[in-house]
Each structure stands twice: as structure tokens, then as C-alpha cells.
Amino acid sequence: KMSVVMNGTDLEVYSPREKNAALLKQFGLEGKFVVSYIGTVGMACGLEVVFDAAQKVPANVTFVIVGDGAYRTNLEEEAKRRGLANVVFTGRQPKSTMPDWVASSDASLVHLKKTDLFTTVMPSKIFESAGCKRPIIMGVDGFAKRLVMDAQAGLDMTPDSADSLIACVKKLAEDPALCRELGENAYDNIARVYNRDQQASDYLSVLNLTIKQS
């Protein structure tokens, strides 16, 4: 529970909005179905799975990796070696543009390597995507996945499985109505429930009740 409190959505920052046309144009993403991974680019993220999937997804799909990290250079070199034109790296971007990046994506990829260690984490990407009404491709096992699935806010992806990622992407890219439905569910069942103001209010209520009972 505490991890959810700590990672709640800041609805004043991550809120529903239109796609940023200028941002999409800058990176050649106009008219594409954009699946974004936004955050630190490290070994634990297991983003090699994106490369395997990129070779088999529909032609209009582009994976965008927004951010920087110790493993970004390695991944960029591998993408170039494979000739993957539908995998775009933006590098480090201003923090102020992150809400627009989320909102300009058609789906958000939340992924970590398949290991028991990561079944206990709660990625903040979940809440940011939910705040912008974006469907989630959930490639992290454990409580985080149960939260997203119970909220009907995304699709279940098996971590490290390119075939599973491909299936999720195809399902979303071919069904705009499903994308909208999952995004709405994400906002109503995650962002509204686990926003920071609401979490703070709930926590204060618990503290006040504890004080009265003591």
C-alpha cells in the first residue's frame, strides 16, 4: 500500500490532453501508432524485447524510447545494427515535456525483466499513463500488474516475450475503441483513486482515527 501512496498520480501535471503535434513532427512520428517507453533506460528495463517485436509489428507502429540511462547507447547501437527504423530514441528530454510525451503516445509500455525481484515494484509510469488516459501494456509481474488488470486499464504482457508484446500492440493498433476504453478505465480506476491529493487525504483520515483511538 505504501508504494501506491508514494507513486500516486499528480493530476495537475499528468492530465488528459490532446497529442502534441509539434512533438510528433519533430521525431517523424506523424500518422504512426506510437508505443512509448518513458523513463530511465537501464539493463533492468529489458528493452531488447522491443527490438524483437519491432521486426514483426504492423508497418504503422513505432516504438519510442524517451529518456536516458546507462544502457541507452548500447540499445541505440543494437537498433542501428538491426536496421530498425521503427524504433526511435529521443534521448534525454526536459521534464516539462513528459506529460506531452505520455499524451502523444497511443499506448504506454511498462516493462522490466522477468525476475522475482521486480514483482514487488510499483512503476510510476502506470500512474502517469493513467493520468493522461493512455492504455498500458503491462510487462511487469506482481502487484503492479494486478492493479492494472483489476482496473481494466491495459493489456497483460509476459515480461521478456516479444510474441506477447507483438500480440498486445496488434490488438491495440487495430482497435481504437479498445484504446479509448482502456484509457478511460485507467483514468477512472487508477488516476482518480491513486492521485496524491486523495492519498494524502486518506492517510490523514487514518492518522486522525488512530489519534482518536489512542
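A residue counts as buried when its relative accessible area is under 20%. That cut-off is a handy way into this predicted model, so let us start with a residue that meets it.

**An aromatic pair**

Phe127 has a relative accessibility of 1%, so this residue is buried. Searching the whole structure turns up two aromatic pairs. One of them joins Phe127 and Tyr194 edge-to-face, with 6.2 Å from centre to centre and 75° between the planes. Phe127 belongs to helix 6, whereas Tyr194 sits in the loop between helix 9 and helix 10 (196–213), so the pair ties together parts that are 67 residues apart in sequence. Another ring to look at is that of Tyr187: Lys133 lies over its face, at 5.2 Å from the ring centre.

**Helix 7 and its surroundings**

Which residues of helix 7 are buried? In this helix, residues 143–150, they are Ala144, Lys145, Leu147 and Val148. Viewed down the axis of helix 7, these buried residues fall within an arc of 155°, so they line one face of the helix. They pack against helix 6 (125–131) and helix 9 (176–191), and also against strand 5 (136–139) and strand 6 (154–156). Just after helix 7 comes Gln152, with a positive phi of about 50°.

**Two loop residues**

Now for a pair of loop positions. Ser104 lies between helix 5 (98–103) and strand 4 (107–111), while Gln55 lies between helix 3 (48–54) and strand 2 (61–66). The table gives their accessibility.

| Residue | Relative accessibility | Class |
|---|---|---|
| Ser104 | 1% | buried |
| Gln55 | 49% | partly exposed |

The side chain of Ser104 has polar partners in the backbone. It reaches the backbone oxygen of Asp100 at 2.7 Å, and a polar atom of the Ser104 side chain lies 2.8 Å from the backbone nitrogen of Asn20. Leaving aside neighbours within four places in sequence, Ser104 is in contact with Lys19, Asn20, Leu23, Leu24 and Val34.

What does Gln55 touch, leaving aside its neighbours within four places in sequence? Here the contacts are Arg82 and Leu84. Gln55 and Val87 are 32 residues apart in sequence, and their C-alpha atoms are 9.7 Å apart in space.

Terms used: Residues numbered from 1 in each chain as written. Predicted model: local features only at pLDDT ≥ 70, side-chain atom pairs only at ≥ 80, totals over all residues. Heavy atoms only, no water. Helix = DSSP H or I, 4+ residues; strand = E, 2+ residues; numbered from the N terminus. Buried < 20%, exposed > 50% of the residue type's maximum accessible area, 1.4 Å probe, protein only. Contact = heavy atoms within 4.5 Å. Arc of directions from axis to C-beta. Polar contact = N/O pair within 3.5 Å; in protein donor to acceptor, adjacent residues only side chain to side chain. Phe/Tyr/Trp six-rings, centres within 6.5 Å; stacked < 30°, edge-to-face > 60°. Lys NZ or Arg CZ within 6 Å of the ring centre and 35° of its normal.
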